[in-house]
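These are my notebook entries on a structure that I looked through step by step. I wrote down what I looked up and the terms that I needed along the way.

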Amino acid sequence: MKESLVVTVEKEALSLATGITYTRVPSWYGFTREDLKMDIIMPKHIDGHEPLPAVLWLCGGAFCVVDRSVWMPQMVEFARKGYVVASVNYRTSNAVCFPEPLKDVKAAIRFLRANAAEFCIDADRIAVMGESAGGTLASLAGVTAGMPEYEEGDFLGVSSAVQAVVDIYGVTQIDVMPSHSEDPNVADWTMTAFLGGLTPEKAARASAVNYVGKDTPPFMILHGSADITVPIANSEALYEALTKAGVMAEFYVLEGAGHGDDMFYQQAIYDRIDAFLKAAMH
């Protein structure tokens with residue numbers, strides 16, 4: 001069969017750039033260096049394209065594992081909605097403890113902003129979004145803008161501030177969270193390894209709720225009512241702190257959803273996140 005077709009281009013083509021080094025960090029007891037990588041979904045045809053808002057995505061993994069590729073199929077949804085999406089690997093608790101992973105996230109933000117033109121990014125509209133441990137780091141990145149103790153690496157003259165944060169069932173109030181989880185799949189040492197020791201001082205320092213202020217960027221929080229891995233009290237406390245500070249905040253409780261539930265990755269949720277980001281980064 002032969003047929004001539006007239007096709008209307010309704011969706012622009014996207015490209016995936018993989019294995020981009022965004023910073024180099026000490027490795028193997030400080031004797032070597034490791035490249036930290038990111039993957040970026042962006043328009044295929046960048047020349048002449050208007051700059052787009054960017055979303056930096058952070059995968060979870062109990063602070064001890066991370067894979068920047070795992071959630072990329074879901075991230076295509078945001079690329080289709082008009083965002084450049086970057087997903088990164090950051091250092092985990094088998095190698096470092098807090099605040100080193102946060103420094104990695106901030107280095108990734110600075111890299112995107114410093115190289116905005118190359119990746120079709122509007123440098124004034126960058127959001128950070130993450131799930132579980134990634135939500136923890138996304139929240140911390142949002143509330144610690146301008147704090148030099150969390151900045152390390154390249155492009156230090158470039159801001160790591162973000163214009164919006166989406167926290168999906170992250171740990172945001174560690175100082176009231178037990179060292180263990182009700183989830184049998186989460187080891188008791190998870191938080192201790194992340195913090196480098198479970199002390200009140202270290203827990204408070206790594207709790208996003210303690211940094212919230214009037215200059216905190218808009219937040220969207222999502223948490224499942226049936227989450228036994230991260231207590232929903234974390235998200236409730238963060239939302240209360242944000243509203244008390246007068247920060248634009250949206251908090252959605254997904255009824256019956258557990259930790260990492262597929263409910264969080266449905267079109268209705270993508271649409272709500274999109275609407276929030278558009279309002280926050282107008």
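**Entry 1: helix α3**

I began with helix α3 and listed its buried residues, which are A133, G134, G135, T136, L137, A138, S139, L140, A141, G142 and V143. Buried here means under 20% relative accessible area, exposed means over 50%, and partly exposed lies in between, with a 1.4 Å probe and protein chains only. I noted that 11 of the 11 residues of α3 are buried, so the helix is largely enclosed by the rest of the structure. Helices (H or I, at least four residues) and strands (E, at least two) are DSSP runs, numbered from the N terminus.

Before going on, I recorded that this is a predicted model, in which local features need pLDDT of at least 70 and side-chain atom pairs count only at pLDDT 80 or more, while totals for chains, interfaces and linings use all residues. I also recorded that residues are numbered from 1 along each chain as its sequence is written, and that side-chain values use heavy atoms, with hydrogens and water left out.

**Entry 2: the whole chain**

I then stepped back to the protein chain, which has 7 helices and 8 strands. Its radius of gyration is 19 Å, close to the 19 Å that the globule rule gives for 282 residues, so the chain is as compact as a globular protein of that length. The radius is taken over C-alpha atoms, and the globule rule is 2.2 Å times the number of residues to the power 0.38. I looked up the box that the C-alpha atoms fill, which is roughly 70 × 50 × 40 Å along the principal axes. Buried residues make up 51% of the 282 residues. For contacts (heavy atoms within 4.5 Å), I found that among those between residues at least 6 apart in sequence, 78% join residues at least 24 apart.

**Entry 3: the sheet**

In what order do the strands of the open sheet lie? I read the order of its 8 strands as β1-β2-β4-β3-β5-β6-β7-β8, with mixed pairing. Two strands pair if DSSP finds at least two bridges between them. The edge strands are β1 (14-27) and β8 (249-254), each of which pairs on one side only. From one strand to the next, the twist averages 20 degrees.

I also looked at β6 (residues 164-168) and β7 (residues 219-224), which pair in the parallel sense over 4 bridges. The bridge partner of D167 in β7 is I221.

Next I checked which helices pack on the sheet. Helix α1 (residues 72-80) touches β1, β2, β3 (52-58), β4 (84-88) and β5, and its direction makes about 45 degrees with that of β2. Helix α3 (residues 133-143) touches β3, β5, β6 and β7, and its direction makes about 140 degrees with that of β5. For these angles, axes are lines fitted to C-alpha atoms, for helices over the stretch in contact, and the angles run from 0 to 180 degrees between N-to-C directions.

**Entry 4: W57 and the aromatic pairs**

I found W57 in strand β3, and at 1% relative accessibility W57 counts as buried. Leaving out residues up to four places away in sequence, W57 touches W71, M75, A86, S87, V88, M129, G130, E131, I168 and Y265.

The structure holds 14 aromatic pairs. Rings of Phe, Tyr and Trp (its six-membered ring) pair if their centres lie within 6.5 Å, and planes under 30 degrees apart count as stacked, over 60 as edge-to-face and the rest as tilted. W57 and W71 form an edge-to-face pair, at 6.1 Å centre to centre with 70 degrees between the planes. W57 lies in strand β3 and W71 in the loop between β3 and α1, so the pair ties together parts that are 14 residues apart in sequence. I noted that one aromatic cluster is formed by W57, W71, Y169, F264 and Y265.

P43 lies in strand β2 (residues 32-43). Is P43 buried or exposed? With 2% relative accessibility, P43 counts as buried.

D122 lies in strand β5 (residues 121-131). Apart from its neighbours within four places in sequence, D122 is in contact with P51, L52 and P53.
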